[in-house]
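This briefing concerns the structure shown below.

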Amino acid sequence: MTSFFSLPRLAAMAAGLALFPQVTQAQAIIKQDPTIKAMTEQVSAQELERLVRGLVSFETRHSLSSVKDKKKGIGAARNWAEAEMQKAAATSGGRMTVTQDKYLVKADGRRVKEDVEFANVMATLKGTDPNDDRVFIVSGHIDSRNTDVMDAVGKAPGANDDGSGTAAVIELARVMAKQAFPATIIFVCVQGEEQGLIGARHLAERAKKENWNLVAMLNNDMIGNSLSDETGLADNTRVRIFSEGVPALETPEMTAMRKSTGGENDSRSRQLARYMKEMANRYVPQLEVVLNYRTDRFLRGGDHTPFSQMGFTAIRVCEMNENYQYQHQNVRTEKGIAYGDFPEHVDFEYMRKNTAMNLATLANLASAPYSPENVGVVTSNLTNKTELKWEAPAKGKKPAGYYILMRETSSPMWEKKIYVDGNATTTILPYSKDNYFFAVQAVDAQGHESLPVMPKPLR
């Protein structure tokens with residue numbers, strides 16, 4: 001991982017580390033997994049285009065559209081998505097199962113006019129380690145809309161919103177089904193985002209009720225447009241990741257800890273966003289992740305929102321520039337401008353890179369050890385050093401080692417990774433906890449890292 005410290009400061013830090021032989025410089029240890037790299041290269045722009053065009057062929061995927069028509073509407077689209085995922089499952093050796101999770105949605109007097117059955121199309125790639133109960137979710141929303149959110153019959157092609165996210169989920173299932181991971185990955189096309197995040201809320205409530213060990217939820221919503229309608233700027237090298245800072249489900253104890261340690265920028269969701277940025281840097285050329293320190297766009301929300309509200313770690317992946325000539329627009333030509341969300345407006349190479357970033361993140365996380373437990377920073381003595389302690393994960397494979405992450409308090413990204421041997425559960429660093437933030441993550445022999453854990457004060 002590239003350090004952003006100046007050369008004189010790096011030299012000083014290296015000299016300081018020499019006094020502490022149990023820690024080593026990490027640059028030579030960080031690895032690119034050739035299997036993950038090969039998987040990212042299997043993500044196909046041509047396949048993504050085929051999937052997006054398949055979704056658009058149903059004319060509308062509005063959540064209140066027909067469930068009986070075999071060629072048009074949400075019912076036909078759900079069945080098609082299920083069939084595409086079944087193709088992936090056929091290559092998994094029986095580890096992937098596909099289902100439509102159907103549920104009744106009651107009329108709400110707003111965006112659901114009568115009781116109706118919704119369904120999330122889910123492909124579950126079961127983890128290979130029976131002692132590993134971790135779950136990772138990647139989602140896109142299969143429903144679409146035009147200008148009138150209640151228009152269930154008018155054309156709503158939804159190529160980018162959110163055909164792009166849905167196609168990415170199906171493509172991820174296709175590529176990843178052939179691989180084995182210790183943890184479970186769920187690929188889901190949720191219904192009802194445009195009617196009020198209904199499908200995502202159903203899934204988050206189910207995860208809570210069934211006590212899933214849901215480690216991370218990646219929501220992909222509009223990841224295929226690279227052209228701004230207002231500036232004409234084409235940008236297919238940057239993508240935004242939105243993450244909450246202060247957890248929506250923050251307890252009074254968490255609030256007190258955040259205020260006393262300055263942890264406003266270190267929620268678990270923000271750690272996940274940083275992790276994805278590092279995976280993009282490691283595996284996806286010509287893609288820069290822009291960390292957006294909001295839960296979502298200004299005063300807006302997405303399918304990760306219900307998960308955040310229920311205390312889960314969740315982020316949103318979204319294109320850098322939205323194009324409002326295509327988004328939520330009736331299909332028409334007006335004053336020489338063609339409106340409507342069609343495949344011709346999707347940049348499939350850009351979409352390929354964003355999908356590959358999701359893959360690298362999921363594969364690395366699902367292959368990594370559990371995160372270390374009871375991570376703490378010793379505060380019993382006033383000192384200019386920092387002593388960190390932690391416990392090895394109680395489940396899963398034993399870590400080969402740990403990374404101590406380090407950054408200045410003003411830095412948005414971790415600036416340094418220091419490797420500690422897997423037999424160690426404590427280390428002392430020659431840097432003051434007053435001046436830096438620290439975290440600890442577990443790593444296996446292949447270089448797969450867990451999500452980082454911020455230390456709590458220990459006396």
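How many residues does the largest nonpolar core have, and which of them have the most contacts inside it? In this predicted model, the largest nonpolar core has 74 residues, and those with the most contacts inside it are Met85, Met96, Met176, Phe187 and Met357.

**Nonpolar cores**
- Helix 10 (residues 348-367) gives the most to this core, contributing 11 residues.
- A second, separate core has 17 residues, including Val135, Ala207, Phe307 and Ala314.
- Methionine 357, one of the residues with the most contacts inside the largest core, is in contact with Val239, Ile241, Met276, Ala280, Val284, Leu287, Val289 and Val317, when its neighbours within four places in sequence are left aside.

**Aspartate 162**
- Aspartate 162 is located in the loop between strand 4 (134-141) and helix 5 (163-176).
- Although buried, aspartate 162 has no salt bridge; the nearest side chain of opposite charge belongs to arginine 316, 6.9 Å away.
- A polar atom of the aspartate 162 side chain lies 2.9 Å from the backbone nitrogen of glycine 165.
- Not counting residues up to four places away in sequence, aspartate 162 touches Arg61, Gly140, His141, Asp143, Asn220, Asp221 and Met222.

**Cysteines**
- The structure holds 0 disulfides.
- Cysteine 189 is in no disulfide, and the nearest cysteine sulfur, that of cysteine 318, is 18 Å away.
- Cysteine 318 is likewise in no disulfide, with the sulfur of cysteine 189 as the nearest cysteine sulfur.
- Cysteine 189 is buried, at a relative accessible area of 0%; cysteine 318 is buried with a relative accessible area of 0%.

Note on methods:
Residues are numbered from 1 along each chain as its sequence is written. This is a predicted model: local features need pLDDT of at least 70, side-chain atom pairs count only at pLDDT 80 or more; totals for chains, interfaces and linings use all residues. Side-chain values use heavy atoms; hydrogens and water are left out. Helices (H or I, at least four residues) and strands (E, at least two) are DSSP runs, numbered from the N terminus. Buried means under 20% relative accessible area, exposed over 50%, partly exposed in between (1.4 Å probe, protein chains only). Lys and Arg count as positive and Asp and Glu as negative; His and the chain ends are not counted. A salt bridge is a side-chain nitrogen of Lys or Arg within 4 Å of a carboxyl oxygen of Asp or Glu. A polar contact is a pair of N or O atoms within 3.5 Å; within protein, one must be able to donate a hydrogen and the other to accept it, and residues adjacent in sequence count only if both atoms are side-chain atoms. Contact means heavy atoms within 4.5 Å. A nonpolar core is a set of buried Ala, Val, Leu, Ile, Met, Phe, Trp, Tyr and Cys residues joined through side-chain atoms within 4.5 Å. A disulfide is a pair of cysteine sulfur atoms within 2.5 Å.
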